[in-house]
Amino acid sequence: MIATLSSKKQNRLPRILEHASGDKRFKILEAHMKKHQYNQDALIEVLHKAQELFGFLEDDLLLFIACKLKLPASRVYGVATFYHFFTLKPKGQHTCVVCMGTACYVKGADRVLAALEEKTGIKAGETTADNQVSLLTARCIGACGIAPAVVYDGVVTPRQTAEKAVEQLKGWTGHDH
Amino acid sequence: MIIDDLTEITEKELASRKKFTIRCCVAAGCVSSNSVGVKEALERAVRDAGLEDQVEVRGVGCMKLCCQGPLVQVDERNESPGATVEIRSVDTGPLYQKVTPEDASALIGTLQGGSSNLSQADPKHPFFAEQLPIVLANSGVIDPDRIESYIAAEGYQALHDVLRELTPKDVLDSVLQSGLRGRGGAGYPTGLKWGTVAKTPGTQKYVICNADEGDPGAFMDRSVLESDPHSVLEGMAIAGYAVGASQGFIYVRAEYPLAITRLQTAIKQAKQLGLLGSGIFESPFNFNIDLRIGAGAFVCGEETALMASVEGKRGTPRPRPPFPAESGLYGCPTLINNVETFANIAPIIRKGAEWFSGIGTEKSKGTKVFALAGKITNTGLIEVPMGTPLRKIVELMGGGAPDGGQIKAVQTGGPSGGCIPADALDTPVDYESLTQLGSIMGSGGMIVMDETTRMVDVARFFMEFCMDESCGKCIPCRAGTVQMHEILTRILNRKATRRDLEKLEELCDMVRHTSLCGLGQTAPNPVISTLRYFRNEYSELLVEDAYGPRRNGNGQCAQPTADSTL
């Protein structure tokens, strides 16, 4: 991405801004930046909002933010790639986050994850080819009292086993892999 | 807002209390077991039974025994005349566990004298009886979404007393006298830290609350934020007054959405009542608090990295000194404390430094909240005085390993801590004793491991964590963790020799002494402590090198070696 930015930035920016003027989500994002008075310190807050609106952070979006906050594109890209929470690739329809915190791990989260990987045919951090399921891992979601926990589409589900997790996924994939 | 307003709110709140209060846990652990559905079902059942004027269904914070959630407690109003504060003794009424929405009508039936066969937890069990709640005093009692509920439990009383009756120096003195030490893990005396920030000249100072609870296996701060957010706000405001800061930030993990919502509500309510903002309690003191949401980087729990992140940059640490107390956020003197530290402040001011320093051991005062998890019967939160023996926590309160298993080790301090073997369980839990054992107090996560847990696997698990979370700024941590992880993997795959183990120990030493920040300096701890107590588990996995007995065709020893030199 760095290479593409340096060569094409001049032409890309007007195109992005023009594209942005027709997209309501960019307006919401800009309102959010305005709320922070286009403060450069608010970069992480702005990226949170952008990801909430768009689902992931694509190059054009990052350039748009860089332009509006008057930050170098490298700084925006650097921050977006530093933090695990931000994703530069689109996610699937459904997300399945397996907590791999210590408590979940000693209670068998690794077996749950292995079963899910086998079921979906993808590794943690990937999305299935049909764009249905994204399989992710979390460092610790703080649900250690009910370990092992898995988050299905934002819903924390307690005491998971390999069987329960695979069962849950059946409803999403529609067909077996 | 003046003191009369606080009293008025308290009186109104207490007068509105109905005969029965049904407390339903709506903290994250129970929410994931559908406690919100239970609460709605209970409200419906109360309406159906026509008991609205007698029963209040209240969503409350964590009731500690997370493994049995959703938890519901029924509290019958004690008609003691002259009660001026919220009744805190929550162990009076029956505590129902694993409640489902279907149980709601039966539960309401018991209020009218009916009987039920609902599963109950025993409030006299050591898990509850041995606790000494200070930080968690309001947790499970008050409604975290309503500031009135906090005020009725003596909330913001301490802030009032501080602003109207004490000088900043008085506050510093009482915090110093109380002997409170930082609850984030390192245990630096809080009073000294505050004193340094107060002494440093500067017109603009900041107070930051570190709520980036990154240690896997720790969820105390999350529970405090979800159950009693105002206690943290009050502690921060008092800190602001003591050190001369007018702006505070709470840096909270994005992984805790419920805590974020509760904090946003709490800040809004406090501003509306004038408990944050300008001229608090008609004094010249101004204080505002803003939230900063993290984005999933463990290293941001390190104070200098955290400040970089608050400034909207990559969260990489920088060398200290200068310490944040002298040059922190935006180059200004900055006070950084952990959630639990701030939550201790208001009780210290209210009840006095002597009261606080009377609890705990000689060097570690007060209580500590621990998150019990792993292979243990009762998982959840406990708050015990410092110096409580580990055995009491794990075996008496936690109920030991489930299904008759044998406890092998207790891991404290997350990836920066170590494993304490079962035969050292009689150690009292305080900062010094844990350090002596090669572990650390850490933020308070306690993971119990039983016979089925392989210690080398645990060491590799933590090393993988540190390798992934290393920010990459300094080489010992960036490259050292990768190499250590690689050796540990080879040991587990039975492909490593004695020489590899020696190299691993060398690397531990090197990374520990040459890394830039706490992450790297403590990353070898899980390896060092497991090597110290469970060395045989490592040596059992080693194969002989070219100078030892011959390998079989797979590059493995024909028999597991019992090398006496290891």
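The second largest pocket of this predicted model is lined by 43 residues, and those nearest its centre are G184(B), G185(B), A186(B), G301(B) and E302(B). As the model is predicted, local features need pLDDT of at least 70 and side-chain atom pairs count only at pLDDT 80 or more, while totals for chains, interfaces and linings use all residues. Residues are numbered from 1 along each chain as its sequence is written, chains are lettered from A in the order in which they are written, and side-chain values use heavy atoms, without hydrogens and water.

**The pocket**

On a 1 Å grid over the protein atoms alone, a pocket is an open set of points with protein on both sides within 12 Å along at least five of seven lines, a cavity is a set where a 1.4 Å probe fits but cannot get out, and lining residues have an atom within 4 Å of a point. A volume is the space filled by probe spheres set on the points, which are joined across faces, edges and corners. For the second largest pocket this volume is about 1,300 Å³. Its lining takes at least two residues from each of α9 (190-199), β6 (206-211), β9 (334-338) and α21 (518-522) of chain B; helices (H or I, at least four residues) and strands (E, at least two) are DSSP runs, numbered from the N terminus. The largest share, five residues, comes from β9(B). By class, the lining has twelve nonpolar, 20 polar and eleven charged residues. Here Ala, Val, Leu, Ile, Met, Phe, Trp, Tyr, Cys and Pro count as nonpolar, Asp, Glu, Lys and Arg as charged, and the others, Gly among them, as polar.

**The cavities**

There are two cavities of 30 Å³ or more.

| Cavity | Volume | Lining by class |
|---|---|---|
| Largest | about 100 Å³ | ten nonpolar, four polar, two charged |

Of the 16 residues that line the largest cavity, A28(B), G29(B), C66(B), F219(B) and S223(B) are the closest to its centre. Helices α2 (28-31) and α10 (220-227) of chain B each give at least two residues to this lining. The second largest cavity has 13 lining residues, and P317(B), C471(B), C474(B), C477(B) and C517(B) lie nearest its centre.

**The interface of chains A and B**

The contact (heavy atoms within 4.5 Å) takes 33 residues from chain A and 51 residues from chain B. Buried area is the accessible area (1.4 Å probe) that two parts lose on being put together, summed over both. Between chain A and chain B it is about 3,300 Å², with 57% given by carbon and sulfur atoms. F82(A), T102(A) and R139(A) supply 21% of the area that chain A buries against chain B, more than any other three residues.

A salt bridge is a side-chain nitrogen of Lys or Arg within 4 Å of a carboxyl oxygen of Asp or Glu. Over all chains the count comes to 33 salt bridges, and two are found across the interface of chain A and chain B. R139(A) forms a salt bridge with D468(B), and the closest N and O atoms are 2.7 Å apart. D468(B) lies in helix α18 (residues 455-469) of chain B, and R139(A) in the loop between β2 (133-138) and β3 (150-152) of chain A, so the pair joins two chains.
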